[in-house]
Amino acid sequence: MDTHETDIHRRRFLTAATAGLGSAGLAATAIPFVESMSPSEAAKAAGAAVEVDVSQVGPGMLLTVGWRGKPVWVVHRTGQMLDLLGKHDSQLVDPQSDEPQQPDYAKNATRSVKPQYLVAIGICTHLGCIPLYRPEVAAADLGPDLHGGFYCPCHGSKFDLAGRVVKNVPAPRNLEVTPHAYLSDTHLVIGQDGKPA
Ligand code: FES
């Protein structure tokens, strides 16, 4: 294959590789919650994968991305948040994530491909409300035994920062982790299976 043919082949490959990927941009703010821009409505309705630049999601922040009509959270967990994840397993319904609420490659201590980023559907597994993000170690509505997480105001369900549900609340299962993969150290694709780059 000569140089010209190689270039054409490469362009075709890149076109095929990026087809179907939307892109999500966002603006950094000083508060730990960011609403993202999302792909076109048509792309979302078709279930297109969504690309996110995670370098713009600062430590402790949460980004919401639309995917297949659902809110997907990208949470940048700090080192302290990760250290605390293993300290309340006795409070959890399914601490080892044995229920199939995540891809096999995210069935691990952090329920993610990269430990620092949780990528989960932000819908309560009880009746579908949107839980609130409570990153504080001692968040009042999470109680003393949960080191940060999510609180559902509809009926009081609680989830830790890996989306694992706490015992004795209405929600029966952990939050659902979406398929996700990394194109590079900074670029994540939601809705596509894969391993870290
Ligand atoms: S919908 Fe979340 S606790 Fe009921």
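Is Cys-152 buried or exposed? Cys-152 is buried, with a relative accessible area of 2%; buried stands for under 20% relative accessible area, exposed for over 50%, and partly exposed for what lies in between, taken with a 1.4 Å probe and protein chains only.

The structure is a predicted model, in which local features need pLDDT of at least 70 and side-chain atom pairs count only at pLDDT 80 or more, while totals for chains, interfaces and linings use all residues. Residues are numbered from 1 along each chain as its sequence is written, and side-chain values use heavy atoms, with hydrogens and water left out.

Confidence comes next. The predictor's confidence in each residue is given as pLDDT, from 0 to 100. Its mean over the chain is 81, and 75% of the residues reach 70 or more. Where pLDDT is low, the predicted coordinates should not be read in detail.

The chain holds three helices and 11 strands, which are DSSP runs numbered from the N terminus: helices are H or I with at least four residues, strands E with at least two. Of the 197 residues, 46% count as buried. Contacts between residues at least 6 apart in sequence join residues at least 24 apart in 58% of cases.

Three of the strands form an open antiparallel sheet in the order S7-S8-S9; two strands pair if DSSP finds at least two bridges between them. S7 and S9 are the edge strands, each with a single partner, so one side of each has no neighbour in the sheet. S8 and S9 pair over three bridges in the antiparallel sense. Phe-150 has Phe-159 in S9 as its bridge partner.

A search of the whole structure finds one disulfide, that is, a pair of cysteine sulfur atoms within 2.5 Å. The disulfide joins Cys-129 to Cys-154, with 1.9 Å from S to S. Cys-129 lies in the loop between S6 and S7 (132-134), and Cys-154 in the loop between S8 (149-151) and S9 (158-160), so the link ties together parts that are 25 residues apart in sequence. The angle about the S-S bond is -95°, and the link is left-handed. Cys-154 is partly exposed, with a relative accessible area of 37%. Cys-124, by its relative accessible area of 5%, is buried.

Key:
Contact means heavy atoms within 4.5 Å.
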